[in-house]
Amino acid sequence: MDLHDFEDVAENYDLYLNEMYKDEDNHAGFQEFYLDFARQYGSGGVIDIACGTGAVLLYLAEHGIIADGTDLSEAMCRVADEKAKSKGFNLNIFPANMTEFRSDKKYSCAIIARSGFMHLLTPELQRAALLNIRENLSDGGMLTFNTFDPHPHFQAQQIDTKDTDYSFRLEYTNKKGQREKIYNVISYDPYTQIMSGNWKFETLDDSGNVVDERIRPLKMRQTYRQEMKYLLELTGYEIVNVYGGYHKESCAGPANNVIWCVRKK
Ligand SMILES: C[S@@+](CC[C@H](N)C(=O)[O-])C[C@H]1O[C@@H](n2cnc3c(N)ncnc32)[C@H](O)[C@@H]1O
């Protein structure tokens, strides 16, 4: 299965993500964070980049901000579009790579929510995306995205992990009404800073027997803060705020989720 092929998961993404994050404090409040950001900086237009199935895009629309959305995956765009239409919104949602998309308008606010930026697996791709997004921003336009800090504790745990060392993550009911169990395994390469994950989906029948199994690879790159500061300088952004979470926590010390708010210079 292709790394960025979300065709397989697009239909069920919301169902299992809600289950996955329902008890995770560091995820709570993400929609409010992006709504607040869009309200503060979006008077000249908002784009949700790597919008997925529209968790942020639709939340913005429901709160009166009609943004554009784009995602590499056509399947994710399709699901986001269907959800938008079912709620009575006709949004401009288009498939594109954040490293090269062009819109016919400039935006005062760009959002890459919930780790979309981490799908760029090399500094070169990160640089290409930041430069390209800058081209799509109006003068002084704002961008927010998040990164994970490489963390010695998790590195030590994940460095020797084999790609079959699965742990159970959750059980949920898929769109067809079937129970599915999800397992994952993540290993970490400190030289590339890439987390390589395998996500295994088991579909169960009514008696709990496994009737189907599919494995989906997922890679994300962690970024040192010092590295990101230089990359932002190199690509023409000024850092306005850096938070340690969606409640605008300080990130003076270690923070798993580092949220960057940067302005086009
Ligand atoms: C973790 S999901 C987050 C989706 C959404 N922002 C949310 O909060 O639910 C990451 C998304 O990034 C998209 N993506 C990955 N690489 C991309 C790229 N180079 N350009 C645009 N989108 C990309 C994937 O297709 C996926 O939908």
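Reader: Hi! By class, what residues does the shell around the ligand have?
Author: Nine nonpolar, eight polar and two charged residues make up that shell. Nonpolar here covers Ala, Val, Leu, Ile, Met, Phe, Trp, Tyr, Cys and Pro, charged covers Asp, Glu, Lys and Arg, and the others, Gly among them, are polar. This is a predicted model, where local features need pLDDT of at least 70 and side-chain atom pairs count only at pLDDT 80 or more, while totals for chains, interfaces and linings use all residues. Residues are numbered from 1 along each chain as its sequence is written.

Reader: Thanks! And which residues around the ligand come nearest?
Author: Ala50, Gly52, Leu72, Arg114 and His119, out of 19 residues around the ligand. A residue is near if its C-beta atom, placed from the backbone, lies within 6 Å of the molecule.

Reader: Switching topic: how is the protein chain divided?
Author: Into domain 1 (19–149 + 224–264) and domain 2 (152–221), with bounds from an automatic or database domain assignment. Their centres, taken over C-alpha atoms, are 25 Å apart. Seven residues from domain 1 and seven residues from domain 2 take part in the contact, counted when C-beta atoms placed from the backbone lie within 7 Å.

Reader: And what residues are on the side of domain 1 that touches domain 2?
Author: Four nonpolar, two polar and one charged.

Reader: Nice. In what order do the strands of the open sheet come?
Author: The seven strands run β3-β2-β1-β4-β5-β11-β10, with mixed pairing. Strands here are DSSP runs (E, at least two residues), helices likewise (H or I, at least four), both numbered from the N terminus, and two strands pair if DSSP finds at least two bridges between them. β3 (93–95) and β10 (237–243) each have a single partner strand, so one side of each has no neighbour in the sheet.

Reader: How many bridges join β10 to β11?
Author: Six, and β10 and β11 (residues 257–264) run antiparallel. Glu238 stands opposite Arg263 in β11.

Reader: Which residues is Ala61 in contact with?
Author: Ile66, Ala84, Phe89 and Leu91, leaving aside neighbours within four places in sequence.

How values were computed: Contact = placed C-beta atoms within 7 Å.
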